[in-house]
Structure formats: structure tokens, C-alpha cells
Amino acid sequence: MGCFDILLNILVDMTIAAYDFDGTITKNDTFVGLAFYSKGCLYAVMAFLLYSPLIAASILKLYSNSKVKQKVFAFLFRGMSRKDFDNLCERYCESKFNGITRQTAYDDIKQRISNGEKVVIVSASLSNWVLPFARKMGVEDVLCTEAEFDGNDVLTGNFATDNCYGMEKVRRLKQKYPDRQKFKLVAYGDSSGDREMLDFADEGFNRHFQ
């Protein structure tokens, strides 16, 4: 441990460990997984094929990642009640948790919680299905994209917040934990959408659990 690390540990009050979700804690994309789990293979494939030109454009940075994600989400889930959607997400977690959770990431999270460190999941996925996974791991704080519900508690297909991706992850962390000088931030990610969060952290790890 270098002199800077020793000094940092003395000065800060706590350590916060921020984990991306898809590809970091899990082995694959849970939005895609939820689509196949809830709608079946044929319907899910049709949905992603329908928007494949926009998906390809977003990969090439020619179209907004957030917009295409919202369009696919609306196609799949618009019109569901909050209760039904939350129940679906709970069932998805119960069915897939053991199969898609990276044991190395889970063990790291458990160790940090045992050490008294604060753990937060920062994800572009929606909180509705991230929260059940978080609860099973003992994680209390999640910063995610949020779905919009209308006055009857029905999914509109829109997002109520900005997509929690890229700089939005940093903005959410600053909003949740504004006293930056009082904690050491350790961050884990696996994709370009995590780059800003990893750069913002005192220690940033890319694809650490893969």
C-alpha cells in the first residue's frame, strides 16, 4: 500500500463500493434475460429484431442508447400494472439468481458488507428487477433507471429518470453521496457505460470479476 493510500484511509470516514450490475455482478444482460423469461423466445426475438437497426445504430454511437432501450422496453412491457411488473421481476430473480450471478462478485459484495463498507449498485437497468437481486445479496442502496407509471400505476413505457449510464452514473453517485471528501470510492464495471464512474472513483476496476 502506497503513502497516498494510507493517507486516504486515515482521512476518509468510510469506503463506498459501487458496482455496475449487468455484466459485472451478473453474467449477462438482465433486460434481455427478463424479456425472454417473461415473453418467451419467439416474442422476445421479434422485439429485438424489430428494433435491430436502432440497436446497431446505438452500438455505433449514431443513435441514443437510452432512446432505443426505452422503445424496446415500451414494446415489451407498456400497459402492465406496477404490481404485476414487480411480481414478474421478483419471479425472474428467484428463477435466475443462482444461474446468472457471478459468484466472485457476490463474494466480494458479502465481504465488503461484512467489513462494514457501504455497497451500492449503479445500473442502467430498471430498479424493479435490480432491487430483488440487491436484496438477496444484502445490498440496500441501488441507483438505477426508473420506469414511469401513470395515475393508475400502469407502465407508460417511458422512463421517469435519465438512463443511468455513462455520466449519469457519476451524477447519481454525487447526488446520493455529496460529501465526496469523506469517503473512499471503489467502483467496478465492465463496459463503456461504466467508464466515467471508474474514472470518478479512487479505485476503478474494469471486468474485475470476469
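Select Leu54, Ile55 and Ser58 in H4, and show their side chains. Colour the contact by residue class: three residues are nonpolar, two are polar and one is charged. This is a predicted model, so read the side-chain placements as predictions.

H4 covers residues 52-59 and H5 covers residues 65-77. Draw an axis through each. The two axes come within 9 Å and cross at roughly 155°. Angles over 145 degrees count as roughly antiparallel, which is why H4 is described as roughly antiparallel to H5. Then check the handedness: H4 passes H5 in a left-handed crossing.

Now select the whole chain and colour by secondary structure. How many helices and strands does the chain have? There are 10 helices and seven strands.

Orient the view along the principal axes. The C-alpha atoms fill a box of roughly 55 × 35 × 35 Å. Compare that with the radius of gyration, which is 18 Å for the chain. A compact globule of 210 residues would have a value near 17 Å, so the two agree.

Switch to a surface colouring by accessibility. Of the 210 residues, 46% count as buried, that is, under 20% relative accessible area.

Take the contacts with a separation of 6 or more: 63% of them join residues 24 or more positions apart.

Definitions and conventions. Residues are numbered from 1 along each chain as its sequence is written. This is a predicted model: local features need pLDDT of at least 70, side-chain atom pairs count only at pLDDT 80 or more; totals for chains, interfaces and linings use all residues. Side-chain values use heavy atoms; hydrogens and water are left out. Axes are lines fitted to C-alpha atoms, for helices over the stretch in contact, and angles run from 0 to 180 degrees between N-to-C directions. Helices (H or I, at least four residues) and strands (E, at least two) are DSSP runs, numbered from the N terminus. Angles under 35 degrees count as roughly parallel, over 145 as roughly antiparallel, 65 to 115 as roughly perpendicular and the rest as oblique. A crossing is left-handed if the near helix is turned anticlockwise from the far one by less than a right angle, and right-handed if clockwise. Contact means heavy atoms within 4.5 Å. Ala, Val, Leu, Ile, Met, Phe, Trp, Tyr, Cys and Pro count as nonpolar, Asp, Glu, Lys and Arg as charged, and the others, Gly among them, as polar. The radius of gyration is taken over C-alpha atoms; the globule rule is 2.2 Å times the number of residues to the power 0.38. Buried means under 20% relative accessible area, exposed over 50%, partly exposed in between (1.4 Å probe, protein chains only).
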